[in-house]
Amino acid sequence: MKTFRLLCCLALLLCGQIALAWDRPAMSKYGAFYQGPEQLVVQLAHTAADDHAVLKISGINHPWDGRVFWVEVRYQPGHTERIYYVSKEGDDERILLYVEDGNGGELSLPDWRGSLWAQVRINYQRYDSREVLPEHLATDYERQIGQVK
């Protein structure tokens, strides 16, 4: 009887873990690479459905160095070259990245260089974008949230 209870508890625990797992979407084939001041790098990869993206920030002396974000992709109606990447945490929404013409945009960083929210200019790097692997960025996000499969 004790073994049966133990097996039931184990089964419930495993089912609970499966329910909490992040369901990884299909990723796009290509990603994008942006460079900012000093060593700042932003790597970006959309999902195949083009409704979300994985955004990784690195090369900056900031708490977000190495952090990976799951963001919603929003296109400005009538202007497909203007893309907003929105982070949602609870009821809060914040535009983390705005790409205005495919060649560059602005990254929003909190508490950077004396600004509550700094707008940091970044530029698209075509050659480096070839090295961005969307599946690897998705794996980085899974690692960060503890859902590596």
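In what order do the elements of the chain run from the N terminus on? The order is α-β-β-β-β-β-β-β-β-α-α. This is a predicted model, in which local features need pLDDT of at least 70 and side-chain atom pairs count only at pLDDT 80 or more, while totals for chains, interfaces and linings use all residues. Residues are numbered from 1 along each chain as its sequence is written, and side-chain values use heavy atoms, with hydrogens and water left out.

**View 1. The chain holds three helices and eight strands.** Both kinds of element are DSSP runs numbered from the N terminus: helices are H or I with at least four residues, strands are E with at least two. The chain has 149 residues, and 37% of them count as buried. Buried means under 20% relative accessible area, exposed means over 50%, and partly exposed lies in between (1.4 Å probe, protein chains only). Accessible surface comes to about 9,500 Å² for the chain, and carbon and sulfur atoms hold 53% of that. The areas come from the Shrake-Rupley method with a 1.4 Å probe; for residues, only the protein chains shown count as cover.

**View 2. Eight strands form a closed barrel.** The strands run β1-β2-β3-β4-β5-β6-β7-β8, with antiparallel pairing. From one strand to the next, the twist averages 35 degrees. Axes are lines fitted to C-alpha atoms, for helices over the stretch in contact, and angles run from 0 to 180 degrees between N-to-C directions. Two strands pair if DSSP finds at least two bridges between them. Strand β1 (residues 32–35) and strand β8 (residues 115–124) are antiparallel and joined by two bridges. Here Gln-35 faces Asn-123 of β8.

**View 3. Strand β3 pairs with β2 and with β4.** Six of the seven residues of β3 (residues 52–58) are buried, so the rest of the structure largely encloses this strand. Six bridges tie β3 to the antiparallel strand β2 (residues 41–46). These two strands make a hairpin with five residues between them. In the turn, Asp-50 has a positive phi of about 65 degrees. Five bridges link β3 to β4 (residues 68–76), again antiparallel. Ala-53 has Val-71 in β4 as its bridge partner. Helix α3 (residues 134–145) lies across β2, β3 and β4, at about 125 degrees to β4.

**View 4. Ser-58 sits in strand β3.** Its relative accessibility is 18%, so Ser-58 counts as buried. Ser-58 is the bridge partner of Val-41. Leaving out residues up to four places away in sequence, Ser-58 touches Gln-39, Leu-40, Val-41, Asp-65 and Gly-66. Contact means heavy atoms within 4.5 Å.

**View 5. Phe-33 belongs to strand β1.** Phe-33 is buried, at 14% relative accessible area. Beyond four places in sequence, residues touched by Phe-33 include Val-41, Asn-123, Tyr-124 and Val-132. The C-alpha atoms of Phe-33 and Leu-44 are 6.4 Å apart, with the two residues eleven apart along the chain.

**View 6. Trp-64, Phe-69 and Trp-117 form a cluster linked by ring pairs.** Rings of Phe, Tyr and Trp (its six-membered ring) pair if their centres lie within 6.5 Å; planes under 30 degrees apart are stacked, over 60 edge-to-face, the rest tilted. The count by this rule is five aromatic pairs. The charged end of Arg-94 sits over the ring of Trp-117, 3.7 Å from its centre. Such a charge needs NZ of Lys or CZ of Arg within 6 Å of the ring centre and within 35 degrees of the ring normal.
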